[in-house]
Amino acid sequence: MREYYRFDEDGYYIEPVITEGYFDSEGTEYTPEDLTEVRPPDGLYRGKFDKNKQEWVETGSPPEIDPEEARLAEIAELKRNLDETDYKIIKSSEYSLAGEDLPYDILALHGEREALRVKIRKLEAKL
């Protein structure tokens with residue numbers, strides 16, 4: 001499998017393409033005009049492929065982000081992280097009630113979850 005990156009007629013990034021490759025009628029492999037195997041760098045906001053230099057260049061900048069919206073998004077992400085560890089608490093409680101050894105380091109788990117709660121409270125206080 002090969003990974004290519006599609007761009008439009010102006011060179012702007014569109015999408016990744018994973019395929020076995022492209023072959024003409026005689027079986028010779030080629031790369032279509034709207035694809036490159038050069039991977040765009042991470043963090044590229046509005047990438048454009050320069051065919052002459054065979055590289056991706058940044059042509060834009062992200063729009064201004066409202067600080068309140070950014071805080072709300074960060075709070076939502078922190079809450080998702082907290083939710084993702086709920087099963088560990090439930091499983092540990094079940095093991096404890098059954099008199100079994102805990103499957104997780106409960107003190108470390110509690111510390112991680114409390115750190116998330118502290119961050120959430122600080123961000124919510126700024127709203």
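Residues are numbered from 1 along each chain as its sequence is written, and side-chain values use heavy atoms, with hydrogens and water left out. Because the model is predicted, local features need pLDDT of at least 70 and side-chain atom pairs count only at pLDDT 80 or more, whereas totals for chains, interfaces and linings use all residues.

Helices (H or I, at least four residues) and strands (E, at least two) are DSSP runs numbered from the N terminus, and two strands are taken to pair if DSSP finds at least two bridges between them. Three strands form an open sheet in the order β2-β1-β5, with antiparallel pairing. Strands β2 (13–19) and β5 (35–36) stand at the edges with a single partner strand each, so one side of each is left without a neighbour in the sheet. Strand β1 (residues 2–7) is joined to β5 by two bridges in the antiparallel sense, and Arg6 stands opposite Leu35 of β5.

Strand β6 (residues 47–50) pairs with strand β7 (residues 55–58) over four bridges, again in the antiparallel sense. These two strands form a hairpin with four residues between them, and in the turn Gln54 has a positive phi of about 55°. In β6, Gly47 and Phe49 make up the covered face, and Lys48 and Asp50 the uncovered one.

The axes of helix α2 (residues 86–97) and helix α3 (residues 106–125), which are lines fitted to C-alpha atoms over the stretch in contact, come within 11 Å and cross at roughly 150°, the angle running from 0 to 180 degrees between N-to-C directions. In this contact (heavy atoms within 4.5 Å), Asp86, Lys88, Ile89 and Ser92 of α2 meet Ile106, Leu109 and Arg113 of α3.

Leu116 touches Leu78, Asn81 and Leu82, not counting residues up to four places away in sequence.

Technical notes:
Buried means under 20% relative accessible area, exposed over 50%, partly exposed in between (1.4 Å probe, protein chains only).
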